[in-house]
Amino acid sequence: QGRDLNAFAAHHLAMLLTRGAVHILTDYPQNPGVATLAEQRAAGLRPYWCAIAPDQIVDAFTSNEAGVERINHIRWKETSAKLGPDFARVTVETIRVLNLVGGGVRYEVWTRNGASGDFQRSLLPGEMGDAELKTERGAPLPEITWAPILADRREGWRSIAPLDDVAHKAIEHWGSSSDQRNILRVSRYPMRVEIGTQKPIAVTGPGMTLHSQGRQSADAQDVHFGYIEPQGMGVEAGERDLARIVADAELLGVRLLAKPQQRAASDAAADLARDKSPLQNVAKTLEDGLQRALQHVALWYGLD
């Protein structure tokens, strides 16, 4: 998409902080007429990176070989739109599949027009309904050129976003702010009261005069017109609650920059990573992922 490395990395860092994960697919333009590295360079072909969001991934299977995670199968979804007849907007669902097979990597693209059903979960030809295999090709690569980058990895590829707690505070702030706006709307408008009138006087406003004949019997109340205005104690409570939520969110944000407490020299030497702040660890995770993606570029070029 024309982004340089800094812009690409900044996008990934934002995804790591807010979503907890991001993935880099290293792909290569299709050109069957190019065979050698010299021909690739002459044609201006080169590998490129694709940023894949975590919610695009449908499923993935990995294996552990000599302590190294190896991706054997991965598939992810994309949704796009194309122009149909009579200016109609047609939704196109796409499932892209990468399989590690005996001689390399097999690449498939399945498409379907119209968004209906759970297309991304149905991946066997007999279960995909009107899905169509659009592309099928292979690449002589020793591995699938996919780099998962996980901020706080859990089981599988699950990861917790470093700003997840701040996001919950943002939701809490939205709810409290909505309540505060409602109570302000109510408390700003006093209610008019009429005491002692025989029937309510409905017509009021600028230039209008309220009139009553006064007492109609000995036990009737004195006539009184006025307004009742709320004391606004709920407004102050809402303001305090909003200030508390903002303070909590700021504290959670600062925690990303805080380093662990100092330990004995021997403990620090045993685990240098613990001396970094959570934000530094996320940045290091991103750096490792980018280096892995650069290794995948070398694989496409046939370099060591």
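User: Before that, what kind of model is it, and how are residues numbered?

Analyst: This is a predicted model, in which local features need pLDDT of at least 70 and side-chain atom pairs count only at pLDDT 80 or more, while totals for chains, interfaces and linings use all residues. Residues are numbered from 1 along each chain as its sequence is written, and side-chain values use heavy atoms, with hydrogens and water left out.

User: Fine. How many helices and strands are there?

Analyst: The protein has six helices and ten strands, where helices (H or I, at least four residues) and strands (E, at least two) are DSSP runs numbered from the N terminus. Of its 304 residues, 29% count as buried, buried being under 20% relative accessible area, exposed over 50% and partly exposed in between, with a 1.4 Å probe and protein chains only.

User: Which residues touch the most other members of the largest nonpolar core?

Analyst: That core has 21 residues, and Ile74, Trp76, Leu98, Ile144, Trp146 and Trp157 touch the most other members. Strand 1 (21–27), strand 4, strand 6 (104–113) and strand 8 (146–150) each supply at least two of its residues. A second, separate core of 15 residues includes Phe8, Ala9, Val282 and Leu290. A nonpolar core here is a set of buried Ala, Val, Leu, Ile, Met, Phe, Trp, Tyr and Cys residues joined through side-chain atoms within 4.5 Å.

User: What does Leu98 touch?

Analyst: Not counting residues up to four places away in sequence, the contacts of Leu98 include Leu25, Ile74, Trp76, Val105, Tyr107, Ile144 and Trp146. Ile74 also stands opposite Leu98 in strand 5.

User: How do strand 4 and strand 5 run, parallel or antiparallel?

Analyst: Strand 4 (residues 68–83) and strand 5 (residues 89–101) run antiparallel and are joined by eleven bridges, two strands being paired if DSSP finds at least two bridges between them. Their hairpin has five residues between the strands, and Asp86 takes a positive phi near 55° there.

User: Switching to helix 4, what is its span, and which residues are buried?

Analyst: Helix 4 (residues 233–255) has 23 residues and reaches 34 Å from its first C-alpha to its last, close to the 33 Å expected at 1.5 Å a residue, where the expected span is 1.5 Å times one less than the number of residues. Val235, Gly238, Leu242, Ile245 and Leu252 are buried in helix 4, and what covers the buried residues of this helix includes helix 3 (164–187).

User: Which salt bridge does Glu172 form?

Analyst: Glu172 pairs with Arg244, the closest N and O atoms being 2.8 Å apart; a salt bridge is a side-chain nitrogen of Lys or Arg within 4 Å of a carboxyl oxygen of Asp or Glu. Glu172 lies in helix 3 and Arg244 in helix 4, so the pair ties together parts that are 72 residues apart in sequence. Salt bridges that share partners join Lys169, Glu172, Asp241, Arg244 and Asp248 into one network.

User: How many salt bridges does the structure hold, and where is the one of Glu143?

Analyst: The structure holds 14 salt bridges. Glu143 forms one with Arg292, with the closest N and O atoms 2.4 Å apart, and this pair links the loop between strand 7 (132–139) and strand 8, where Glu143 sits, to helix 6 (residues 278–301), where Arg292 sits, 149 residues apart.

User: Last one: is Thr26 buried or exposed, and what about Ile149?

Analyst: Thr26, in strand 1, is buried at a relative accessible area of 0%; apart from residues up to four places away in sequence, Thr26 touches residues including Tyr48, Trp49, Thr145, Ala293 and Trp300. Ile149, in strand 8, is buried with a relative accessible area of 0%, and with the same exclusion its contacts include His12, Leu16, Val22, Ile24 and Leu286.

Notes
Contact means heavy atoms within 4.5 Å.
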